[in-house]
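Trainee: Hey, could you walk me through this one? I'm new to it and would like to go topic by topic.

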Amino acid sequence: MADFQLRAYQEEVVERALRRENVIIWLPTGGGKTRAAVYVAKKHLETTPRAKVVVLVNKVHLVDQHYKKEFMPHLGHDYYLVAVSGESEEKDFFGRVVQEKDVVICTAQILYNALTNTDENKHVELSDITLLIIDECHHTHKDSVYNQVMTCYVEKKLKGEQPLPQILGLTASPGTGGGRTLEKAVGHVLQICSNLDSAIVSTKNYVSELKEKVPRPLKSFDIVEKRLQDPFGDHLKSMMQMIHEYMDLPPDVRLRECGTQEYEADVVVLEQRGVRQDNRLLAQCALHLRQYNDALLINDTLRMMDAYRSLEEFYINKFPTAIDGTDFFLVGLFQENQVELQKLARDSRYENPKMGKLENTLLQQFSPNVKSKGILFSKTRKSIHCLKDWVLNNKALQEAGIKADFLTGSGNGSTYMTQNEQADTIRNFRQGTLNLLISTSVAEEGLDIPECNLVVRYGLLTNEIAQQQASGRARAKDSKYSVVAQKGGREVQRELTNEYLEELTGKAIAKVQEMSLGEFRKKITELQTEAVICRKIAESCKAEKKSRNTAASVQLLCRNCFKSVASGSDIKLLDNQHFVNVNPDFKRHYKVGVQVVLERSFEDWEPGCTISCSNCNKDWGYEMKYKEVALLPNLKIKNLALETPQGRTTVKKWKDVPFTVEDFSFTEYYDFS
């Protein structure tokens with residue numbers, strides 16, 4: 001530990017934390033926030049009787065990273081450390097793990113589950129912890145799991161319950177919370193401080209050293225002229241107009257411009273309206289219009305063939321599942337125009353000029369004799385798969401020595417990556433086997449990615465926090481941060497707005513730091529008290545909403561064909577997270593598909609096969625085998641509609657259904673079946 005030294009600006013920002021005050025450390029990406037936190041943890045362990053340090057992260061892949069790269073090298077010799085995520089066996093006896101270890105690094109969900117679990121082996125009290133470190137703590141707001149953990153803390157604090165852990169938050173940018181004025185930005189920073197019960201600290205005396213350690217990249221706007229002609233896009237719009245005419249839009253509906261995010265929002269609302277009004281024509285046309293709009297957005301960002309293929313993939317699954325005249329019209333419209341769309345998409349005269357500009361931007365930094373590393377950020381998982389295909393099939397980029405792969409968030413499905421795949425990709429990038437990562441926002445925040453000399457943001461509209469995080473990835477000397485965008489496009493305006501908001505964030509933090517200690521504490525207590533009252537009112541409203549209907553009075557319908565398939569009373573809550581149908585008659589409403597494969601294993605269950613509507617093939621979820629004997633359909637509520645005494649409705653999450661779901665009972669299930 002003799003070589004464990006902090007830079008002067010790091011020593012400055014940890015001063016108050018070493019005095020056991022609750023603080024948020026605000027340092028830019030690459031400024032060494034985590035290293036500062038390790039130092040605070042070390043001093044805390046050395047000076048606190050029965051010390052217990054818990055480090056919270058908001059993404060699973062950061063558990064292992066923090067454990068191996070930061071905490072274990074510096075603390076592992078003298079203390080017992082453990083990393084726990086949803087994939088770890090230790091989560092099943094987390095309470096004992098916390099008792100036995102000195103430092104626990106885990107996802108926030110693991111700790112929140114333990115705080116609310118009554119099982120002795122799993123339960124943890126906040127009083128068991130002496131130092132709670134919260135990584136990327138700007139996420140501590142609204143209903144985030146960080147805020148759920150801190151809500152437990154704040155409520156205990158306001159009741160005068162002791163002891164409570166010391167809080168140490170880490171962030172590169174708290175942002176302005178959507179505020180565009182200094183007053184609103186100050187309000188947002190105070191709210192984050194209130195949620196974390198912490199003051200916010202930054203370097204004042206060593207700003208120049210920090211700037212030298214974390215240089216800002218050279219920013220450039222690589223602007224391209226708008227397409228003079230876009231026959232492929234025009235053809236898509238003409239097909240959308242035919243759908244508009246066929247669906248006979250209600251007079252009160254005004255759809256905004258095709259090929260925009262606003263249009264997408266409009267047709268999402270239109271689909272929900274169609275479901276509520278039992279108007280399948282309206283709902284299905286809206287769903288298909290969303291696919292066409294997606295194709296227009298892809299056409300604006302990527303290759304025309306990428307846009308065409310996105311539609312082709314959608315309609316491949318629609319051909320065999322048409323059930324009425326609406327389906328036959330929509331499928332027929334695509335079939336009639338398919339050959340012409342394909343022909344237009346292959347006409348290189350009208351290719352997207354942004355792709356040429358992106359190629360030039362990459363070639364300025366990459367060549368066979370120059371060692372470069374870059375990250376290309378794009379919006380969606382689909383777009384980064386398309387961009388990888390483009391790079392691998394672009395002769396000039398291959399001759400320049402670009403070795404690219406994509407990086408996405410972890411999850412299930414063909415466009416996600418497993419955690420092992422993520423780790424392999426980052427390791428290959430670090431070692432030089434790869435020199436260009438094509439990434440969604442997963443690489444903006446937290447991941448231990450080596451310094452890059454090029455960061456490109458392509459087709460992105462994000463907030464100031466994401467922009468700062470992405471920019472912070474370009475940390476090599478003389479690095480470049482490029483925004484590839486169309487002349488007069490929204491991306492440039494958003495980047496300029498974000499620069500203003502970044503500056504506004506700094507001013508807001510300075511204002512908060514200028515407050516007297518008494519004034520600051522008074523304001524924080526006011527905000528915390530308000531939050532507790534608002535939370536109780538919201539919980540009361542939610543309980544009232546759920547009590548309006550009995551489970552038996554609600555019917556579940558397939559969201560695609562509107563067929564009634566289950567009663568609300570058939571649904572039970574298993575292990576506080578899975579909503580399963582326990583009625584054996586439900587089997588006649590679905591058909592079984594392919595085996596679901598998950599990267600992790602679970603204590604009491606394993607996944608079975610996918611399930612879909614036997615009438616229209618709509619995906620409903622998958623079967624799960626519980627305790628090796630019970631085969632239970634685990635349902636996606638977003639793919640179902642709810643017929644209630646008050647009318648038909650839809651919800652995205654089970655927590656929002658307007659009835660109370662009872663807990664699953666294994667013994668009752670076998671009595672039932």
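Trainee: What should I know before we start?

Mentor: This is a predicted model, where local features need pLDDT of at least 70 and side-chain atom pairs count only at pLDDT 80 or more, while totals for chains, interfaces and linings use all residues. Residues are numbered from 1 along each chain as its sequence is written, and side-chain values use heavy atoms, with hydrogens and water left out.

Trainee: OK, strand S9 then. Are its faces covered or open?

Mentor: Both faces of S9, residues 374-377, are covered. Gly374 and Leu376 are buried on one side, and Ile375 and Phe377 are buried on the other. Buried means under 20% relative accessible area, exposed means over 50%, and partly exposed is in between, with a 1.4 Å probe and protein chains only. Strands here are DSSP runs of E with at least two residues, helices are runs of H or I with at least four, and both are numbered from the N terminus.

Trainee: Which strands does S9 pair with?

Mentor: One is S11, residues 436-439, which runs parallel to S9 and is joined to it by four bridges. Another is S12, residues 454-458, also in the parallel sense over four bridges. Two strands pair if DSSP finds at least two bridges between them.

Trainee: And which residues are bridge partners there?

Mentor: Glycine 374 has leucine 436 as its partner in S11, and phenylalanine 377 has arginine 457 as its partner in S12.

Trainee: Switching topic: how many cavities are there of 30 Å³ or more?

Mentor: A search of the whole structure finds one. The largest cavity has a volume of about 60 Å³. A cavity is a set of points on a 1 Å grid over the protein atoms alone, where a 1.4 Å probe fits but cannot get out. Points are joined across faces, edges and corners, and the volume is the space filled by probe spheres set on them.

Trainee: What lines it?

Mentor: The lining of the largest cavity is Asn147, Met150, Thr151, Val154, Ser194, Asn195, Gln528, Ala531, Val532 and Arg535. Helix H6 (145-158), helix H7 (182-196) and helix H20 (517-547) are the elements that give two or more residues to that lining. A lining residue has an atom within 4 Å of a point.

Trainee: Nice. How many aromatic pairs are there?

Mentor: The count is 13 aromatic pairs. Tyrosine 246 and phenylalanine 329 form a stacked one, at 3.8 Å centre to centre with 10° between the planes. Rings of Phe, Tyr and Trp (its six-membered ring) pair if their centres lie within 6.5 Å; planes under 30 degrees apart count as stacked, over 60 as edge-to-face and the rest as tilted.

Trainee: Where do those two sit?

Mentor: Tyrosine 246 is in helix H9 (residues 231-247) and phenylalanine 329 is in helix H13 (residues 325-345), so the pair ties together parts that are 83 residues apart in sequence. Tyrosine 246 is partly exposed at 30% relative accessibility, and phenylalanine 329 is partly exposed at 25%.

Trainee: Now the backbone. Where is there a cis peptide bond?

Mentor: One joins glutamine 162 and proline 163, with omega about -5°. Proline 163 is in the loop between H6 and strand S6 (166-171). Most peptide bonds are trans, and most residues other than glycine have a negative phi.

Trainee: Which residues have a positive phi without being glycine?

Mentor: Among them are arginine 50, with phi near 50°, and aspartate 197, with phi of about 50°. Arginine 50 lies in the loop between helix H2 (33-47) and strand S2 (53-57), while aspartate 197 lies in the loop between H7 and strand S7 (199-201).

Trainee: Buried or exposed?

Mentor: Arginine 50 counts as exposed because its relative accessibility is 76%. Aspartate 197 counts as buried because its value is 16%.

Trainee: Last one: what does UniProt place at residues 544-671?

Mentor: The unreviewed UniProt entry places "domain: RLR CTR" there. UniProt positions are in the numbering used here, feature names are shortened, and annotations may be inferred rather than shown by experiment. In the model, the end C-alpha atoms of residues 544-671 lie 31 Å apart, and the span is 8% helix and 43% strand.

Methods
On a 1 Å grid over the protein atoms alone, a cavity is a set of points where a 1.4 Å probe fits but cannot get out, and a pocket is an open set with protein on both sides within 12 Å along at least five of seven lines; lining residues have an atom within 4 Å of a point.
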